[in-house]
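Q: Could you walk me through how to read a ligand site in a protein model?

A: Gladly; here is the model to look at.

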Amino acid sequence: MKIGVYPGSFDPVTNGHLDILERASKLFDQVIVAVIHNPQKKGFFSIEERVALLEEVTRHIPKVTVDSFTGLLMDYVVSKKAQAVIRGLRAVSDFDYEMQMALMNNKLCPSVETIFIISCPQYIYLSSTKIKEVAILGGSINGLVPKHVEQKLIDKIRNTNKG
Ligand code: PNS
């Protein structure tokens with residue numbers, strides 16, 4: 001059974017992430033989306049909210065399961081008996097950071113491969129950070145995140161502004 005782990009912050013999941021997931025699911029028997037839980041870093045959405053959003057928007061991909069993890073990614077990957085880490089690559093600017101991580105992960109656990117999937121051109125400029133920035137400033141994020149995520153983002157911004 002070929003298992004791939006797709007790790008990330010997913011704060012929140014974007015259409016770019018979904019595209020990578022849909023394509024990765026054709027290469028593996030199971031893909032585990034693993035949301036990093038870093039207690040030192042406060043996100044926009046809580047870990048539980050991010051996991052719930054991912055579960056909702058990946059319902060149509062049966063091979064995908066959603067989980068969260070703390071600590072070293074490689075420890076998590078080994079505990080899941082996965083053979084590979086999946087990462088999306090958008091632009092050359094991603095490359096340095098991704099190569100550093102892939103090489104460090106390879107040093108920690110040489111039996112696990114990092115597989116890069118190149119983002120499709122329409123999502124190359126997308127990031128969770130930019131989406132939050134635009135949404136917070138009242139811009140349209142239509143078509144950049146799934147509808148369900150768009151609504152939750154708008155609700156959260158509205159609630160934050162109220163409080
Ligand atoms: O979506 P992101 O924020 O680019 O994801 C980064 C992530 C979660 C893949 C990365 O921060 C990570 O793997 N963190 C776990 C800590 C770890 O294993 N560090 C050592 C290897 S570089």
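A: Let's begin with a rule: a residue is near a molecule if one of its heavy atoms lies within 4 Å of it. This is a predicted model, in which local features need pLDDT of at least 70 and side-chain atom pairs count only at pLDDT 80 or more, while totals for chains, interfaces and linings use all residues. Residues are numbered from 1 along each chain as its sequence is written, and side-chain values use heavy atoms, with hydrogens and water left out.

Q: Which residues are around the ligand?

A: They are P7, G8, S9, I36, G71, L72, L73, R87, Y97, M101, M104 and N105. By type, this shell has seven nonpolar, four polar and one charged (Ala, Val, Leu, Ile, Met, Phe, Trp, Tyr, Cys and Pro count as nonpolar, Asp, Glu, Lys and Arg as charged, and the others, Gly among them, as polar).

Q: Which element gives the most to the shell around the ligand?

A: Helices (H or I, at least four residues) and strands (E, at least two) are DSSP runs, numbered from the N terminus. Here helix 4 gives the most, four residues.

Q: Which polar side-chain atoms lie by an oxygen atom of the ligand?

A: A polar contact is a pair of N or O atoms within 3.5 Å. A polar side-chain atom of S9 is 2.6 Å from a ligand oxygen atom, and one of R87 is 3.0 Å from a ligand oxygen atom. The protein buries 73% of the 550 Å² that the ligand exposes when taken alone (accessible areas by the Shrake-Rupley method with a 1.4 Å probe).

Q: Where does the ligand sit?

A: Rolling a probe the size of a water molecule over the atoms shows where empty space is left. On a 1 Å grid over the protein atoms alone, a pocket is an open set of points where a 1.4 Å probe fits, with protein on both sides within 12 Å along at least five of seven lines; lining residues have an atom within 4 Å of a point. The ligand sits in the largest pocket, meaning that more than half of its atoms lie within 2 Å of the grid points.

Q: How many residues of the lining come from helix 4?

A: Nine, the largest share. The lining as a whole divides into 22 nonpolar, 18 polar and 10 charged residues.

Q: What joins D11 and P12?

A: Most peptide bonds are trans. Here a cis peptide bond joins D11 and P12, with omega about 0 degrees, and P12 lies in the loop between strand 1 and helix 1.

Terms used:
Polar contact = N/O pair within 3.5 Å; in protein donor to acceptor, adjacent residues only side chain to side chain.
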